[in-house]
Amino acid sequence: MNTKFKMRMTATALAMVLAVSGLAGCSSNSNGNGANGNKNTNSGTTPNEAATNKPAEPEGPLKIKAMSVLFGDAPAMPNPALEAVQKAGNVELDIEYVPSDVYNDKLNIAMTNNEYDLILWEKGKADEKFIKYAKQGAFHDVSEMVKGKNKLDEIPAATWNLTAVDGKNFGIPRPRASFGNGESNIIIRKDWLDQYGLPVPKTVDELTNALKVFKEKDPAGGGKTIPLSLYGSWAGNVTYDYVFGNTTPFRFAFGMPAEWRIEGDKAVHESQTPEYKKYLEFVKTMWADKLIDKDAAILKGDQATNKFQSGVVGAIANNVRMIGEPEIEKIQKNDPKAELAFIPVLTGPDGKAGTNLTSGYYGLWVIPSKVDKEKAERIVEFLNWSADGKVNGDLSLGIKGIHYSEVNVKDANAVPPIREVIQTDEQKEATKKDRPDHFIIQNPFSPYINNGRSLEVVKQQRAYFDEMNKKEWLIPNPFDGMSSETLAKNPDNRKKLDQAALRFVLGEVQWDGVQKEIDAWVKAYGETIGKEYLDQYNAAQK
């Protein structure tokens, strides 16, 4: 979708919490910015109960003009799920949803036209512009406003600390699981593995062998089989020197850092490590053996995922959402026999493996300072209400009878509670069209990612998360949430390095050509960027 999507709605909006999500988490209050250690008390309510749990209604509906990010297709309009949401709260929202691939450009415009009351700052503190605006007084300091807000308090103190500027919070983090998100894991066609008597791969070698079998046997038929779906990392929102997106499990399998690591008193970028060369040599071999989609270099992330869901791709990097019923149904619509297997981590030739450990948030809700303080405080109250799993977790299912038949609480003591959603095929289609979980305002904190409807799938998704939660597998970027002035001023600083790495993978240049660009980048930008990050890191340790 390449146009902005605008809607007007009266109500609370929903967090991106899936059918099984409820309320989770507790944290200690180490900074006074909202993390007061409250424990989850959600017992797993039904949608009808949630609808009666309205926020306080002072002088009429709160009117907010907001801007948020859009992934995929917009929900159908008019929308019965939206109408249900309108009855559940005391707020009137004019939300402008902007497609993710142009969102950061739109932020620049949003800060000049002064028309929004609430803006999702997608990159948060990692964006130097956010820090600049915060220091200039462009946003409300919400440090005091969030104190005592029981659901915002559940966001871990570490996340509040990481997103603070000079000890103050100018945005409310939109929490998410701190690991296992994005493109952390390999998802593979289990029915294809079974067809050829292959086990679910655990290592790079086993996966490579399975992809070779897929290429040779052509299970999709007609020469349509694509063993591995990747995308050009420079074809979407970001530019990285690892050439392709959907490669996180491979990079960690070869021992690469999560972009940066600290060695002694120096910041070392991934391209400076010997593991980077091993990784690129592996990708080069995969390309030469035609195991990677031939169109990968020109694809965006959504396009790579769409190919996988079309039923012709053997494997892709994603996360546990891909094995939930809403995603499986997309691929089974094209191939009814499709079954998927999940690989938590992929082990490399030297026994290394990992998944990315992040700061646990995606974007910050900022309130421009032109909004009067009383209204800003009401917006914070609204976000706190929105973060209640009893509210958004239930309302995100839509309307009983249209989007689901029943919601059964299977484990009220789990964090968050485990619920099973019963749907007919017609209700599944209505959910897909109306996207009742799309009206995103604030996520409740949860250590998990789930979108399963059945008890079996939900438990399996959580079990995979628990399996990944091993210290040796969680790979952090020590500079996550930090910013670099040099990087902000030179967003294309790695362009030549990216191009050299791609040409190496395609067999057009030798390694010397890549090393030349690495050395040039380090001298021109990398050393300075690393020092800026390291200075912030060291200051945060004091």
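Glu 263 stands opposite Lys 266, a residue of strand β11. The structure described here is a predicted model. Strand β10 covers residues 260–263 and strand β11 covers residues 266–269. These two strands pair in the antiparallel sense, and 4 bridges join them.

The hairpin of β10 and β11 has 2 residues between its strands. In this hairpin, Gly 264 takes a positive phi near 65°.

## The chain as a whole

The protein chain contains 18 helices and 18 strands. Of its 542 residues, 56% are buried. Among the contacts between residues at least 6 apart in sequence, 79% join residues at least 24 apart.

Two pairs of residues illustrate contacts and distances across the sequence. Phe 382 belongs to helix α12, which spans residues 373–386. With a relative accessible area of 7%, Phe 382 is buried, because the value lies under 20%.

Gln 536 lies in helix α18. Its relative accessibility is 26%, and Gln 536 therefore counts as partly exposed. When neighbours within four places in sequence are left aside, Gln 536 is in contact with Met 482 and Ser 483.

## An open sheet of four strands

Another part of the model is an open sheet of 4 strands, with the order β7-β12-β6-β13 and mixed pairing. Its edge strands are β7, residues 226–229, and β13, residues 340–343, each of which pairs on one side only. On average, neighbouring strands of this sheet are turned by 20° against each other, direction ignored. In general, the strands of a sheet pair through backbone hydrogen bonds, in either a parallel or an antiparallel manner.

Strand β7 is joined by 3 bridges to strand β12, residues 313–318, and the two run parallel. Within this part of the sheet, Ser 229 stands opposite Ile 316 in β12.

## Helices beside the sheet

Helix α10, residues 301–309, lies across β6 (185–189), β7, β12 and β13. The helix runs at about 140° to β12.

Helix α11 consists of residues 325–334, and its buried residues are Glu 325, Glu 327, Glu 329 and Ile 331. The elements that cover these buried residues include strands β6 and β13 together with helices α10, α14 (425–434) and α15 (455–468).

Helix α9, residues 274–288, packs against helix α17, residues 495–505, at an angle of about 45°, and their axes are 8 Å apart. This angle makes α9 oblique to α17. On the α9 side, the contact is made by Tyr 276, Leu 280, Glu 281, Val 283, Lys 284 and Trp 287, and on the α17 side by Ala 501, Phe 504 and Val 505. By class, the contact of α9 with α17 has 7 nonpolar, no polar and 2 charged residues.

Helix α17 also meets helix α18, residues 511–541; the axes come within 9 Å and cross at roughly 165°. The two helices are therefore roughly antiparallel to each other, and α17 passes α18 in a left-handed crossing. Lys 496, Leu 497, Ala 500, Ala 501 and Phe 504 in α17 meet Trp 511, Gly 513, Val 514, Glu 517 and Ile 518 in α18. This contact has 7 nonpolar, 1 polar and 2 charged residues.

The axes of α9 and α18 come within 12 Å and cross at roughly 140°. The two helices are therefore oblique to each other, and their crossing is right-handed.

Several residues take part in two of these contacts.

Notes
Residues are numbered from 1 along each chain as its sequence is written. This is a predicted model: local features need pLDDT of at least 70, side-chain atom pairs count only at pLDDT 80 or more; totals for chains, interfaces and linings use all residues. Side-chain values use heavy atoms; hydrogens and water are left out. Two strands pair if DSSP finds at least two bridges between them. Axes are lines fitted to C-alpha atoms, for helices over the stretch in contact, and angles run from 0 to 180 degrees between N-to-C directions. Contact means heavy atoms within 4.5 Å. Angles under 35 degrees count as roughly parallel, over 145 as roughly antiparallel, 65 to 115 as roughly perpendicular and the rest as oblique. Ala, Val, Leu, Ile, Met, Phe, Trp, Tyr, Cys and Pro count as nonpolar, Asp, Glu, Lys and Arg as charged, and the others, Gly among them, as polar. A crossing is left-handed if the near helix is turned anticlockwise from the far one by less than a right angle, and right-handed if clockwise. Buried means under 20% relative accessible area, exposed over 50%, partly exposed in between (1.4 Å probe, protein chains only).
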